[in-house]
Amino acid sequence: MNRALYTLLFHLALPLVLVRLFWRARRAPAYRARIGERFAVGLPELQPGGIWVHAVSVGESIAAAPLIRALRERYPQLRITVTCMTPTGSERIKALFGDTVQHCYLPYDLPWAASRFLERLRPKLAVVMETELWPNHIHQCARRGIPVALANARLSERSARGYARFARLTAPMLAELRLIAAQTEAEAVRFRQLGAREPSVQVTGSIKFDLSIDPALPERAARLRAQWGAVSRPIWIGASTHPGEDEILLAAHRLLLAEHPDALLILVPRHPERFGSVYELCRKQGFATVRRSLAEPPRAGTQVLLGDTMGELLFLFALADAAFVGGSLVPTGGHNLLEPAALGKPVLTGPHLFNFLDIAAQLRDAGALAEVGSAPELASAVAAFWVDPARAAQARSAGLTVLKNNQGALGRLLAGLDQLLEG
């Protein structure tokens with residue numbers, strides 16, 4: 001498939017795209033808003049000539065945050081525009097940056113929409129986070145001489161095989177990228193094999209290791225636990241869960257309650273449209289549950305605290321003694337394991353980690369990560385950290401060491417972006 005055929009098929013699929021958009025809006029009403037932006041219509045006022053950063057959703061927005069802050073400090077004269085594709089990503093961008101950056105949805109990957117967007121924005125540099133590759137957007141940038149960098153680039157074997165099936169589309173697109181800042185050498189090799197130009201591919205590491213935690217965050221969490229009367233209460237968190245995982249976590253929590261009757265689970269679904277259904281699941285299964293969004297403090301008899309707020313995940317991690325990261329008991333590929341590690345929490349995960357293989361391997365080898373495959377295994381692993389403080393302390397120290405040993409990727413990425421802006 002080449003780009004012309006891809007564009008034709010995209011146009012033909014537009015009715016299905018719209019149906020899917022409105023279907024998602026039934027579950028998450030925010031999808032009904034700002035639909036025009038997805039076609040480069042009704043875009044907000046955008047000051048041109050700055051730096052454009054694209055982060056598809058919440059995870060990429062969080063990963064991009066240190067980069068965006070560094071770019072603002074490095075180039076205060078250039079306005080930064082941050083785009084995304086989802087309402088949750090949009091809310092996260094607003095929470096992180098407020099009015100200090102420009103923001104809108106990225107229009108769909110149609111030549112006329114991409115052209116209209118770029119005519120309005122006219123950036124000096126485009127930075128795309130991780131693996132969000134859109135052939136027409138990239139080609140429209142290349143036509144205008146706008147350098148495009150793929151930052152914190154990751155490419156699993158599975159994704160590489162998928163791209164390889166469309167080599168006539170993939171190879172020219174990758175060849176138009178001026179910088180591919182790969183997380184690992186293995187991923188750099190995959191990008192080169194798919195058609196990226198040798199000089200454009202660099203191994204910079206993962207900027208997710210450059211995560212810094214505000215010292216006030218754990219202090220605030222400690223104060224809240226004291227207000228709850230839960231300083232010594234065993235608390236664990238199940239974060240970024242997907243359909244099929246909540247049931248496993250609740251089953252594990254039931255097992256934990258048999259041995260630790262005062263245990264509290266903080267359960268945080270990945271997507272806000274699931275908050276209501278997960279709350280009903282908890283109640284239906286007989287768990288005494290309160291919702292964070294209603295500011296209901298967990299009482300002595302509360303068994304589950306539903307984390308149904310946006311922008312609080314780091315704080316909720318800080319409240320817990322051990323952290324399970326979701327998207328890993330189902331074949332989603334996992335989510336960011338480094339946030340709880342940076343907060344000094346023992347980290348638990350399921351086996352499906354194909355999006356974070358290198359990070360998971362380093363944490364596992366250091367003794368900072370426990371992998372589980374079932375509710376009994378999860379309950380046993382969480383309990384082990386509660387009853388063995390030395391084991392928890394070792395996992396905490398190992399995780400912080402892994403982070404420290406891998407930091408520096410942000411500086412290497414910024415050096416590459418400097419060259420593109422100066423060139």
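Biologist: What do the buried residues of helix 3 pack against?

Modeller: This is a predicted model. In it, the buried residues of helix 3 pack against helix 2 (58-74), strand 2 (80-84) and strand 3 (102-105).

Biologist: Which residues of helix 3 are buried?

Modeller: Helix 3 covers residues 87-97. Its buried residues are Pro87, Thr88, Gly89, Ser90, Arg92, Ile93 and Phe97. Just after helix 3 comes Gly98, with a positive phi of about 55°.

Biologist: How do you know that strand 2 and strand 3 pair?

Modeller: Pairing needs at least two bridges. Four bridges join strand 2 to strand 3, so they count as paired. The two strands run parallel. Thr83, for one, has Cys104 in strand 3 as its bridge partner.

Biologist: Which way do the residues of strand 3 point?

Modeller: Gln102 and Cys104 point one way, and His103 and Tyr105 point the other way. All of them are buried.

Biologist: Why is Val231 called exposed?

Modeller: Exposed means over 50% relative accessible area. Val231 has 60% relative accessibility, so it counts as exposed.

Biologist: Where is Val231 found, and what does Val231 touch?

Modeller: Val231 lies in the loop between helix 9 (216-228) and strand 8. Leaving aside residues up to four places away in sequence, Val231 touches Arg225 and Ala226. Val231 and Leu319 are 88 residues apart in sequence. In space, they are 9.8 Å apart, C-alpha to C-alpha.

Biologist: What makes strand 9 largely enclosed?

Modeller: Strand 9 spans residues 264-269. Six of the six residues are buried, so strand 9 is largely enclosed by the rest of the structure. Both faces are covered. Leu264, Ile266 and Val268 are buried on one side. Leu265, Leu267 and Pro269 are buried on the other.

Biologist: How do you know that strand 8 and strand 9 pair?

Modeller: The cut-off is at least two bridges. Six bridges join strand 8 (residues 235-241) to strand 9, so the two pair. They run parallel. Trp236 stands opposite Leu265 in strand 9.

Biologist: In what order do the seven strands of the open sheet come?

Modeller: The order is 10-11-9-8-12-13-14, with parallel pairing.

Biologist: What makes strand 10 and strand 14 the edge strands?

Modeller: Strand 10 (289-291) and strand 14 (369-371) each pair on one side only. Neighbouring strands of this sheet are turned by 20° against each other on average, direction ignored.

Biologist: How many bridges pair strand 12 with strand 13?

Modeller: Strand 12 (residues 322-325) and strand 13 (residues 347-349) pair over three bridges, in the parallel sense. Val325 stands opposite Thr349 in strand 13.

Biologist: Which strands does helix 11 touch?

Modeller: Helix 11 (residues 275-284) packs on the sheet and touches strand 9, strand 10 and strand 11 (304-306). The direction of helix 11 makes about 160° with that of strand 10.

Biologist: At what angle do the axes of helix 1 and helix 5 cross?

Modeller: Helix 1 (residues 3-27) and helix 5 (residues 135-143) have axes that come within 10 Å and cross at roughly 125°.

Biologist: Which residues make the contact between helix 1 and helix 5?

Modeller: Arg3, Tyr6 and Thr7 come from helix 1, and Pro135, Asn136 and His139 from helix 5. They divide into two nonpolar, three polar and one charged.

Conventions. Residues numbered from 1 in each chain as written. Predicted model: local features only at pLDDT ≥ 70, side-chain atom pairs only at ≥ 80, totals over all residues. Heavy atoms only, no water. Axes fitted to C-alpha atoms, helices over the stretch in contact; angles between N-to-C directions. Contact = heavy atoms within 4.5 Å. Nonpolar A, V, L, I, M, F, W, Y, C, P; charged D, E, K, R; others polar. Buried < 20%, exposed > 50% of the residue type's maximum accessible area, 1.4 Å probe, protein only.
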